[in-house]
Amino acid sequence: MAMRAGTERKLLDAAEELFFAHGIAATSVDAVLERAGVSSATLYRGWPSKEALVAATLTRRQQDWEDTWTRSVEASTTPRDRVLAVFDALDAFRTRSDASRWCAFLGTASEYADAPAEIRAVLDVESDVLRSRLTTLAEDVVGAAAASTVGEQLALVVSGSLAMRLRDPGYDTTVARAVAGTVLDAAER
């Protein structure tokens, strides 16, 4: 028997809120079940393990992030603005009611020295999307020859900006955006 969409959403919402606010290891499956108001049989009908639930939660979050980023890119008018739209997307994502202290993907990666396969796969997708999308967007600004290097540099800036939120909950993307602009300027020359 398949899980109802509403029940699935309640479980993923509860898991996302608890895992990414309190930590995966610190959050028991029982806490997720209590928050979602469902039974363990219902949970395990959808996911065979806590790790599978974490992976499903991250997969949904990845899609939400990509949608937010796409809207920011589409709202941009110049190639340079499309590259820097990642920071508009970070700012927009942060204002969501389900926003966590920092990046759910970085947080998950930091909790697992050797992540289970289903979690590792989702983390790899997130990293690949970040790098490849920044590289693709950078091509129109710096050219194909420099785009890969610039994409990697920008991925580092984005990750650093996300990590700074742990140190300062009020941290915004102003500094990261300026650094990214400097990276683009240097590559354009």
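**Exercise 1.** With which residue does D13 form a salt bridge, and how far apart are the closest N and O atoms?

*Solution.* The model is predicted: local features need pLDDT of at least 70, side-chain atom pairs count only at pLDDT 80 or more, and totals for chains, interfaces and linings use all residues. Residues are numbered from 1 along each chain as its sequence is written, and side-chain values use heavy atoms, with hydrogens and water left out.

Step 1. A salt bridge is defined as a side-chain nitrogen of Lys or Arg within 4 Å of a carboxyl oxygen of Asp or Glu. The partner of D13 is R60, and their closest N and O atoms are 2.8 Å apart.

Step 2. This pair links distant parts of the chain, since D13 lies in helix α1 (residues 5–22) and R60 in helix α4 (residues 50–74), 47 residues apart. Helices are DSSP runs (H or I, at least four residues), numbered from the N terminus.

Step 3. D13 has a relative accessibility of 37% and therefore counts as partly exposed. The classes are buried (under 20% relative accessible area), exposed (over 50%) and partly exposed in between, with a 1.4 Å probe and protein chains only.

**Exercise 2.** Determine which residues are joined with D13 into one salt-bridge network.

*Solution.* 

Step 1. R60 also forms a salt bridge with E16, with the closest N and O atoms 2.8 Å apart. Here R60 in α4 and E16 in α1 are 44 residues apart.

Step 2. E16 is buried because its relative accessible area is 3%.

Step 3. E16 meets R61 in a further salt bridge, at 2.1 Å from N to O. R61 belongs to α4 and E16 to α1, and 45 residues separate them. Both R61 and E16 are buried.

Step 4. Through shared partners, the salt bridges join D13, E16, R60 and R61 into one network. The whole structure contains 10 salt bridges.

**Exercise 3.** Describe how α4 and α5 pack against each other.

*Solution.* 

Step 1. The axes of α4 and α5 (residues 79–94) are 8 Å apart and the angle is about 125°. The angle makes α4 oblique to α5. Axes are lines fitted to C-alpha atoms, for helices over the stretch in contact, and angles run from 0 to 180 degrees between N-to-C directions. Angles under 35 degrees count as roughly parallel, over 145 as roughly antiparallel, 65 to 115 as roughly perpendicular, and the rest as oblique.

Step 2. α4 and α5 cross in a right-handed manner; a crossing is right-handed if the near helix is turned clockwise from the far one by less than a right angle, and left-handed if anticlockwise.

Step 3. Among the residues making the contact are R61, W65 and W69 of α4 and R82, V86 and F93 of α5. Contact means heavy atoms within 4.5 Å.

**Exercise 4.** Is T135 buried or exposed, and which residues does T135 contact beyond its sequence neighbours?

*Solution.* 

Step 1. T135 is located in helix α7 (residues 117–142). With a relative accessibility of 17%, T135 counts as buried.

Step 2. Leaving aside neighbours within four places in sequence, T135 is in contact with A147, S148 and G151.

Methods:
Helix = DSSP H or I, 4+ residues; strand = E, 2+ residues; numbered from the N terminus.
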